[in-house]
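Please read it alongside the model.

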Amino acid sequence: MRKIVLLGIALLLGATASRAQTLPFLLIPSDARPAALGNASVALPGNTFAPDNSMAAAALDNRTAAFGAGYNLWAPQTAKMGVAHLGGWYRTGRLAIGLGGRYCIEQPYDIVSGGGKTVGSYTPKEFSASLGLAYRIAGPFSLGVTARLVSSDLAEKASGTAFGADISAMYAASGFSAAIGVSNLGTPIRYGSTSYAQPMLARAGGAYSAGGFTASLEADYLFAGALMAGLGLEYCIADIVSLRGGFHYGDAAKALPTYASLGLGLQYAGIRLDVTFLTASKTLGNSLMVSLGYAF
């Protein structure tokens, strides 16, 4: 049964647990908007799901609060996984406080006895809960930190918990923003006698907005030994309709694979609806992401 579980993990994201690493669901985008921009998200301002993306952005936002929910139909041609997201933050003065969470339901698998007989089935489940704090240091600079509890339940006798953290720093002024961060620092997760590291990721990126256009660029390094990068462009019409496109370069053996993305956004009176479609990927093709949020 252990072999069945490990094979399932590989199929979920098209990624192997390289260098004894697991919890690949932590790499799945939390918000449909940045996912449409090739997942170039670390430097995007006003991110509703900042606690699970880049908490530093919340302290530089000119709004008081933002919150939302989303759902991903992730890799429907392979993993057929459902991922639900919640997130939001509240800012008072220089300080912002945020909460986030995600719940991942994977495809059930058959439990086979030693004699080769199917004796039941099991549905793996994973979730995380996050608490974020961000502080505007001076002018356009901010720092953010997120603490996270992660739970992974892969089989009846293969479950574990871990604690993690993200650290981010951001600069934003005159339509330009730049950010750096490290995600998924923390304790390894143990399944029985075997421990696996979290997918620790270093991120750096920039974004620029002018005349209704927003361009975003990001480069990531997964400490398991993989490089990733994202590039995206958004055009907003009358501050109501947003058209988006992006490209993500990945590593199918160790992290998210390469894919292209298309997205549409609608916003009015603080309410925002975003839809993203992933294509040009055998693993993630036809993935669909939807986010709904409100900010004031």
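Helices here are DSSP runs of H or I with at least four residues, and strands are runs of E with at least two, numbered from the N terminus. The model is predicted. By that numbering, S54 is found in the loop between α2 (32-36) and α3 (56-59).

**Residue S54**
- S54 has a relative accessible area of 2%, and it is therefore classed as buried, the cut-off being under 20%.
- Leaving aside residues up to four places away in sequence, S54 touches V42 and S168.

**Strands β15, β16 and β17**
- Strand β15 (residues 241-249) runs antiparallel to strand β16 (residues 259-268), and 8 bridges join them.
- H248 has Y259 of β16 standing opposite.
- β16 is also joined to strand β17 (residues 271-279), by 9 bridges and again antiparallel.
- L266 has L273 in β17 as its bridge partner.
- A hairpin is formed by β16 and β17, with 2 residues between them.
- In the turn of this hairpin, A269 has a positive phi of about 55°.

**Cavities**
- The whole structure contains 4 cavities of 30 Å³ or more.
- The volume of the largest cavity is about 280 Å³.
- This cavity is lined by 25 residues, of which L26, L27, D52, N53 and R203 are the closest to its centre.
- At least two lining residues of the largest cavity come from each of β9 (176-186), β12 (201-210) and β13 (213-222).
- By residue class, the lining of the largest cavity has 9 nonpolar, 8 polar and 8 charged residues.

Terms used
Residues are numbered from 1 along each chain as its sequence is written. This is a predicted model: local features need pLDDT of at least 70, side-chain atom pairs count only at pLDDT 80 or more; totals for chains, interfaces and linings use all residues. Side-chain values use heavy atoms; hydrogens and water are left out. Buried means under 20% relative accessible area, exposed over 50%, partly exposed in between (1.4 Å probe, protein chains only). Contact means heavy atoms within 4.5 Å. Two strands pair if DSSP finds at least two bridges between them. On a 1 Å grid over the protein atoms alone, a cavity is a set of points where a 1.4 Å probe fits but cannot get out, and a pocket is an open set with protein on both sides within 12 Å along at least five of seven lines; lining residues have an atom within 4 Å of a point. Grid points are joined across faces, edges and corners, and a volume is the space filled by probe spheres set on the points. Ala, Val, Leu, Ile, Met, Phe, Trp, Tyr, Cys and Pro count as nonpolar, Asp, Glu, Lys and Arg as charged, and the others, Gly among them, as polar.
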